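Me: I have a new structure to look at and would like a guided tour. Could you take me through it step by step?

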Amino acid sequence: MKRVLDASALLTGRQFPGELATVPGVLRELQRHGMTPQLEAVLETQVRWLSPGGPAQERVRAASESTGDAHRLSPTDRDLLALALELGATLVTDDYSIQNLCRILGVRFEPILTPGIKECGRRRQPSLDNLAVAVAKLHVTQVAHSFTQVFKALIPCPCSTEWKV
């Protein structure tokens, strides 16, 4: 079985059977986290470094825009998806946005430490109308809270005849 591994899969230290591949961007992510000698050995002996072609990258771009996941994906995430699509491989990742796109694109995925997504789909795109309603609700809530504080300050204490300030 072919597997494309993201950085989190490699950082777990788990052994994955089959043909293993990843993209050059993963190396940069691994270097940021710090690599152990064991991880370096795995990368040198068991993992192929590949870059996806343009058609697969275009399919990933189009799918990520249609689901609303485009802004959540790094260039490395897009390359991983495109490579798995191109190779017909299983993508090993815990990233829910990547898993969502795997389902949309028909790419198998294997979660590492999480249960994985249960369903996929299009995320709602925020609209200005929804934003305006949310801001109005927040404003009304803040005003109501302010009035409540003022009224509480004006209510006399039950144990005295003085006004509470």
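**A tour around helix H5**

Me: Thank you. What do the buried residues of H5 pack against?
Reply: The buried residues of H5 pack against strand E1 (2–5), strand E2 (19–22), helix H2 (24–33), helix H4 (54–67), strand E4 (90–92) and helix H6 (96–105). Here helices (H or I, at least four residues) and strands (E, at least two) are DSSP runs, numbered from the N terminus. Contact means heavy atoms within 4.5 Å.

Me: What kind of model is this, and how are residues numbered?
Reply: This is a predicted model, in which local features need pLDDT of at least 70 and side-chain atom pairs count only at pLDDT 80 or more, while totals for chains, interfaces and linings use all residues. Residues are numbered from 1 along each chain as its sequence is written, and side-chain values use heavy atoms, with hydrogens and water left out.

Me: How many helices and strands does the protein chain have?
Reply: The protein chain has seven helices and five strands. From the N terminus on, their order is β-α-β-α-α-β-α-α-β-α-β-α. Of the 165 residues in the chain, 34% are buried, where buried means under 20% relative accessible area, exposed over 50%, and partly exposed in between (1.4 Å probe, protein chains only).

Me: Back to H5. Which of its residues are buried?
Reply: They are Thr76, Asp77, Leu80, Leu81, Ala82, Leu83, Ala84 and Leu85. Helix H5 covers residues 75–87, 13 residues in total, and reaches 18 Å from its first C-alpha to its last, close to the 18 Å expected at 1.5 Å a residue; that expected span is 1.5 Å times one less than the number of residues. Just after H5, glycine 88 takes a positive phi of about 65 degrees.

Me: And H6, why is it described as largely enclosed?
Reply: Seven of the 10 residues of H6 are buried, so this helix is largely enclosed by the rest of the structure. Its buried residues are Ser97, Ile98, Gln99, Asn100, Leu101, Cys102 and Leu105. The cover over them includes H4, H5, E4 and strand E5 (109–110).

Me: Which residues touch the most other members of the largest nonpolar core?
Reply: Leu10, Leu81 and Leu91 do, in a core of 35 residues. The largest share of this core, six residues, comes from H5. A nonpolar core is a set of buried Ala, Val, Leu, Ile, Met, Phe, Trp, Tyr and Cys residues joined through side-chain atoms within 4.5 Å.

Me: What does leucine 10 contact?
Reply: Leaving aside neighbours within four places in sequence, leucine 10 is in contact with Leu5, Val26, Leu30, Leu39, Leu43 and Val47.

Me: New topic: which residues lie nearest the centre of the largest pocket?
Reply: Leu10, Gly13, Arg14, Leu39 and Val42 do, among 17 lining residues. Helix H1 (7–11) and helix H3 (37–45) each supply at least two residues of that lining. On a 1 Å grid over the protein atoms alone, a pocket is an open set of points with protein on both sides within 12 Å along at least five of seven lines, a cavity is a set of points where a 1.4 Å probe fits but cannot get out, and lining residues have an atom within 4 Å of a point.

Me: Lastly, where is glutamate 58, and is it buried or partly exposed?
Reply: Glutamate 58 is in helix H4, and at 41% relative accessibility it counts as partly exposed. Glutamate 58 and alanine 82 are 24 residues apart in sequence and 8.3 Å apart in space, C-alpha to C-alpha.
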